[in-house]
Amino acid sequence: MLPDRLEHDSLDQGRGGISLLHRLAARDKLLAAFGLLVVVSLVQPNWWPVSAYFPVSWIHLAVAGMVACVVIVAKVPARYLCTRLLTFAIPLAAVGLSIPLSQGAAGWHIMAGVLVKGLLSFTTMLCLIYTTPFERLLQALRQCGVPKLIVAIVASMYRFIFVLLDELERMRRAQYARTFDCPRRLSPVTFRNGARAVGMLLVRCSERAERVHAAMMARGFDGEVRMLEERP
């Protein structure tokens with residue numbers, strides 16, 4: 001079925017929220033999230049462990065409780081949270097599995113610690129992104145002293161996600177227009193057409209990026225990302 005519109009708002013679903021966490025200053029939320037990441041990263045699982053058989057520190061459990069409270073207060077949708085956590089957990093578990101395979105039985109405890117730290121950190125950043133519009137997050141980064149070049153790179157990466165989706169959607173529409181259907185059965189022909197589509201997508205995105213950059217330079221872009229101030 002041909003989609004009626006480009007669903008780009010899925011990347012910023014928390015925009016417009018009215019919870020207490022949505023109303024907090026972006027810089028405060030950014031610093032709090034960074035503090036939690038530092039605590040989660042530096043605390044070792046064997047420091048004040050829950051038990052000898054469960055290699056997780058009580059500190060990690062406390063952070064998990066705080067993050068759970070944030071999820072409840074901010075009313076983060078379960079589907080939003082679970083789909084992204086699952087997408088992140090699968091490759092993380094695949095990487096973590098290499099630890100017990102290389103170190104034997106002792107590696108399972110290390111793998112558990114890696115999974116706990118990774119999932120806690122990722123959930124913390126998901127809550128930050130859900131409760132903070134992206135442009136306010138960029139402003140918070142500048143207020144915290146992050147170099148403007150890095151902020152410009154992050155802003156460009158975010159912007160070009162939409163450019164990539166635009167080009168992908170145009171190619172899908174063109175395919176529907178030519179074939180009236182999209183083959184769903186996996187076959188060598190499907191993979192070959194998919195590889196051609198990816199190559200064409202990269203070429204079109206590169207050309208589009210050059211045009212966007214030329215337009216930015218023509219408008220006087222000097223490396224500083226400027227945003228309009230929100231009205232109180």
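The model is predicted, so local features need pLDDT of at least 70 and side-chain atom pairs count only at pLDDT 80 or more, while totals for chains, interfaces and linings use all residues. Residues are numbered from 1 along each chain as its sequence is written, and side-chain values use heavy atoms, with hydrogens and water left out.

Helix α6 (residues 107-131) and helix α3 (residues 58-74) have axes that come within 10 Å and cross at roughly 25°. That makes the pair roughly parallel (angles under 35 degrees), and α3 passes α6 in a left-handed crossing. With helix α4 (residues 78-96), the axes again come within 10 Å, but the crossing angle is roughly 150°. α4 and α6 are therefore roughly antiparallel (over 145 degrees), and the crossing of α4 past α6 is right-handed.

Between α3 and α4 runs a loop that holds Lys75. This residue has a positive phi of about 55° despite not being a glycine. Lys75 is also exposed, at 66% relative accessibility (exposed means over 50% relative accessible area, with a 1.4 Å probe and protein chains only).

Elsewhere, Trp47, Trp48, Phe54, Trp58 and Leu61 make up a nonpolar surface patch of about 580 Å²; patch residues have over 30% relative accessible area and no salt bridge, and nonpolar side chains are joined within 5 Å. Of these, Trp48 lies in the loop between α2 (26-42) and β1 (49-51), and Trp48 is exposed, with a relative accessible area of 52%.

Technical notes: Patch = residues over 30% accessible without salt bridge, like charges linked within 9 Å, V, L, I, M, F, W, Y side chains within 5 Å. Areas by Shrake-Rupley, 256 points an atom, 1.4 Å probe, with all protein chains shown as cover. Salt bridge = Lys/Arg side-chain N within 4 Å of Asp/Glu carboxyl O. Helix = DSSP H or I, 4+ residues; strand = E, 2+ residues; numbered from the N terminus. Buried < 20%, exposed > 50% of the residue type's maximum accessible area, 1.4 Å probe, protein only. Axes fitted to C-alpha atoms, helices over the stretch in contact; angles between N-to-C directions. Parallel < 35°, antiparallel > 145°, perpendicular 65-115°, else oblique. Left-handed = near helix turned anticlockwise from the far one by under 90°.
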